[in-house]
Amino acid sequence: MMKARLRDAVGSLAAKSGAIARRESKIRGHLTILCYHRILPEPARSAYHDPDLVVTPEIFRQQCRSLAQHYHVLPLSEALASLNGHTIPERPLAAITFDDGYRDNIVIAAPILREHSLRATFFIVAGLVDTDRLPWYDLAGQAWLTLYPRTGRATVKAELERVKRLMPAQRQIWLTELVERACPHKISDLDRIMASDDLRVLNSEGHEIGSHTMTHPLLPQCEDRALIHELEQSRRDLSEITGRSVPGICYPNGDCDARVRQATEGAGYDYATSVRQGTNDASEFDRFGLKRWFINQERLSTRSGAPSDTLFRMEICGLADSIFRWRRG
Ligand SMILES: [Zn+2]
């Protein structure tokens with residue numbers, strides 16, 4: 001509560017004093033990347049096993065409006081290409097990214113992006129395209145909440161974090177047992193990963209399709225052959241679907257190490273995104289470890305719960321990070 005009050009006060013001071021606008025002008029020529037996962041209306045957001053990964057359509061619309069007004073927004077590969085340009089753009093450069101490729105991205109997010117003439121980048125778990133299968137963590141989260149409906153979201157998150165670190169075979173045993181006990185209920189259409197046709201529509205509207213591997217493993221855990229398969233097959237499959245090259249990849253969970261980076265470059269990618277927070281400095285950015293701002297709508301709301309454009313702008317220009325150094329989600 002104290003922190004929220006302080007945050008509101010600092011926010012209004014930053015807006016009134018012009019500190020946000022000054023910071024935005026300072027980061028012209030750098031690259032700001034936003035990381036979203038799902039866009040779902042409120043009842044579905046709080047019912048989801050990890051509400052931090054969900055932004056509601058109302059708040060997403062407000063954030064798009066703000067981005068269109070204060071930033072020059074491009075799909076990530078275009079933004080990277082323009083970073084090398086010699087003229088510094090009038091507004092700071094930003095890219096909107098979505099991880100995983102849920103159906104809500106095309107049903108709910110894409111029309112809002114269209115309203116504001118914004119184009120984004122979607123990182124897709126390629127092995128789940130045109131299937132009815134859910135990502136394993138969603139299946140696990142749903143099963144867990146079916147079995148233990150009163151469990152707090154923090155507990156579910158901690159359990160999934162623990163299981164994420166198990167070796168894939170061990171994790172599969174854990175998952176099979178959990179799902180057998182829970183008999184998961186009907187899958188909502190929005191919980192699926194997009195189909196080929198959806199990806200083609202996004203592409204035809206000027207959005208970029210990127211890879212998020214075949215099966216969403218933690219890449220450093222993969223043996224060499226599996227690693228190459230995750231990187232190369234996803235790139236090939238997605239490029240076959242869209243008829244275009246797939247320049248970028250998002251490391252699942254942001255996990256990478258020197259071997260993964262080298263294999264990523266070797267697989268022909270041009271860039272990779274991480275989950276490290278921050279703005280990418282034009283003079284020294286890391287093309288295979290691009291930083292992003294994780295958008296958590298709760299943290300960007302005022303004490304009364306109202307979405308705050310001031311807090312959003314403070315966050316993505318890096319001002320909030322400099323002032324608060326909050327623990328990141
Ligand atoms: Zn992911």
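A crossover is right-handed if, with the strands pointing away from the viewer, the path from the first strand over the helix to the second runs clockwise. The model is predicted, so local features need pLDDT of at least 70 and side-chain atom pairs count only at pLDDT 80 or more, whereas totals for chains, interfaces and linings use all residues. Residues are numbered from 1 along each chain as its sequence is written, and side-chain values use heavy atoms, with hydrogens and water left out.

**View 1. The β-α-β unit of β5, α6 and β6.** Strand β5 (residues 93-100), helix α6 (residues 104-115) and strand β6 form a right-handed β-α-β unit. Helices (H or I, at least four residues) and strands (E, at least two) are DSSP runs, numbered from the N terminus. β5 and β6 run parallel and are joined by four bridges; two strands pair if DSSP finds at least two bridges between them. Asp99 has Phe123 in β6 as its bridge partner.

View 2. β6 covers residues 121-124. Thr121 and Phe123 on one side, and Phe122 and Ile124 on the other, are all buried (under 20% relative accessible area; exposed is over 50%, partly exposed in between; 1.4 Å probe, protein chains only). Four bridges also link β6 to the parallel strand β7 (residues 208-211), where Glu208 stands opposite Thr121.

**View 3. Cysteines without disulfides.** The structure holds zero disulfides, a disulfide being a pair of cysteine sulfur atoms within 2.5 Å. For Cys64, the nearest cysteine sulfur is that of Cys35, 14 Å away. Cys64 counts as buried because its relative accessibility is 0%. The sulfur of Cys256 is too far for a bond, because the closest cysteine sulfur, in Cys250, is 11 Å away. Cys256 is partly exposed, at 29% relative accessible area.
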